[in-house]
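Subject: Structure handover

Hello,

Please find the structure below, followed by notes on what was found in it.

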Amino acid sequence: MKFYITTPIYYVNDKPHIGHAYTTVTADVIARYHRTLGDEVKLLTGTDEHGAKIMEAATKNGKSPKEFCDEQTVKFQKAWEALGIQYDHWMRTTYDYHERRAGIFLQKLFDKGLIYKGIYKGLYCVGCESYKTETDLVGGLCLDHKKAPVILEEENYFFKLSAFNGQLQELIEKGELIIAPESRRLEMLGLLKQGLNDIAISRKNVSWGIPLPWDPEQTAYVWIEALMNYATAVGLFEDPSSFAKWWPADVHLMAKDIVKFHALIWPAMLLGAGLPLPRMVYAHGFFTVDGSKMSKTLGNTIDPLELAAEYGADSMRYLLLSDFAFGEDGDISHSRFATRYKADLADGIGNLASRVAALSGKLGEWEIHYPSYSDFPIRVSGLWSLYHQKMKKFAFHEVLSDIRAFVTQCDQYVEETKPWELAKTNPDQLKEVLSNLLESLRHISLALAPFMPVISEKLLVQLGGKDLSRSEKWGSLSGKIQMAKLEPLFPRKELSLPKTN
Ligand code: ME8
């Protein structure tokens, strides 16, 4: 089966921050999980490069917008590569093919009578790249950017979003368009009950954008063409076989800040153009850092690369996804990261692996031999069935907590069986105990693979080389084994807290 997952394309006005990393790492975990299921996967990510905000940032940096975007997009690519993100397609909205295909999309909506000219008068926040109503403001300021919006009065083109209100409501209520989690679905249904207004889809005085094909005096409103990237990336209008293969997307992933664009505006545009809708729009929560809201504009963002340098990319991925329920709001904290790195990783998985490897290594080459009865096979098959249910529901923190609980059971087994004593008294029983433990480590590594790809591979190679069975069946580790000493998977080191900048 094909599986097509997307992240938002991020604004390039600043460097990548931990919020961007959170969504992208999660998309990568989901993509890697689907690869293990044998799906043909496409993970799309990239950068959103047009509009007033980017133009302002380029000017501030003394660069042309194109030059500025060329530099910034590489920062995102490098960051995602350092975090082990295996993306399949990198989007830039300044790519020719995107501009061309988005132009065709706009023209189609225009030809169908879904776009009309009108006067827009209202408040616009450049930081958000969106219009605001008085009720969105506190003390006249945008809540996110702490800046007064500018007053705009322009002749613009409008998209008849209101015409799709009923259809969207029906599709969402019937579950044909899945909006998740449930809180977001209810929020979207609430907006539909209030009724959607038509939206401006062009700007008159923003030259850094895609000109409207029928009126090049105006450029497409950045959000409208950005949403189209999900379809232009897979060949919309120009590569029918690729488009037929990949579209519709299986999951559009993002945070709740931009769910309305993805769950209402984007589906309405697709309905207008007669194109299939994405199968699922999933909007996870927002997190704060040490209790305060994080925002690029406020300047209290965390650099994900600093965090990865501190803990290692795999550990950082684990820490981000195990801290709070995916989908809900949460808080991340440097001190909690440091505590959990030590407890869950260094003293947990890492310690179990190095103890077992050391005991096995002392035996030289020996043959795996399972005890005639043990409850490990049942435990492990239970672990896998819950694992798949939970991975499919995106319950990542539960999956990781189940893996941790299994590590604890393995530790208890070590304490109960005392293999260091068996080494002296009963070498046959020692081999049975170690067989159970090594096979358990194989399952732990497989289950961790989407989250911690490098560590997982390291452990698997230690257990049996590249050809080691990836089967979820208990007892697949077999034959002769000879283990080398395992370098610590999670070195215990003094962790200095990353700076907030
Ligand atoms: O909105 N917690 O780009 P953007 C969790 N270009 N996730 C966070 C976060 C936080 N505190 N802060 C940011 C845009 N994110 C548009 C998207 S898509 C067609 C166009 C993540 O750079 C989260 O995924 O502002 C959020 O939705 C996204 O960054 C916004 O990124």
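Helices (H or I, at least four residues) and strands (E, at least two) are DSSP runs, numbered from the N terminus. This is a predicted model: local features need pLDDT of at least 70, side-chain atom pairs count only at pLDDT 80 or more, and totals for chains, interfaces and linings use all residues. Residues are numbered from 1 along each chain as its sequence is written, and side-chain values use heavy atoms, with hydrogens and water left out.

The ligand site

An N or O atom in the side chain of Thr23 is 2.6 Å from an oxygen atom of the ligand. From the backbone, an N or O atom of Ala255 lies 3.0 Å from a ligand oxygen, and a polar atom of Phe287 is 3.1 Å from a ligand nitrogen. The ligand taken alone exposes 680 Å², of which the protein buries 95%. Those areas come from the Shrake-Rupley method with a 1.4 Å probe; for residues, only the protein chains shown count as cover.

Strands E1 and E2

E1 and E2 run parallel and are joined by eight bridges; two strands pair if DSSP finds at least two bridges between them. Lys2 stands opposite Glu40 in E2. Strand E2 (residues 40-48) is mostly covered, with eight of its nine residues buried. Buried means under 20% relative accessible area, exposed over 50%, and partly exposed in between (1.4 Å probe, protein chains only).

Thr6 lies in strand E1 and is buried, with a relative accessible area of 0%. Its side chain is joined to that of His252 by a polar contact of 2.7 Å. Beyond neighbours within four places in sequence, Thr6 is in contact (heavy atoms within 4.5 Å) with Leu44, Tyr230, Val251, His252 and Leu253.

The antiparallel sheet

An open sheet of three strands has the order E11-E13-E12, with antiparallel pairing. Strand E11 (202-203) and strand E12 (211-212) are the edge strands, each pairing on one side only. Two bridges connect E11 with strand E13 (residues 215-220), and Arg203 stands opposite Thr219 in E13.

Two helix residues

Glu306 is found in helix H10 (residues 304-311) and is partly exposed, at 26% relative accessible area. Its C-alpha atom is separated by 44 Å from that of Ser374, 68 residues apart along the chain. Leu386, in helix H13 (residues 376-392), also counts as partly exposed, at 35% relative accessibility. The C-alpha atoms of Leu386 and Glu398 are separated by 9.5 Å, the two residues being twelve apart along the chain.

Regards

Methods. Polar contact = N/O pair within 3.5 Å; in protein donor to acceptor, adjacent residues only side chain to side chain.
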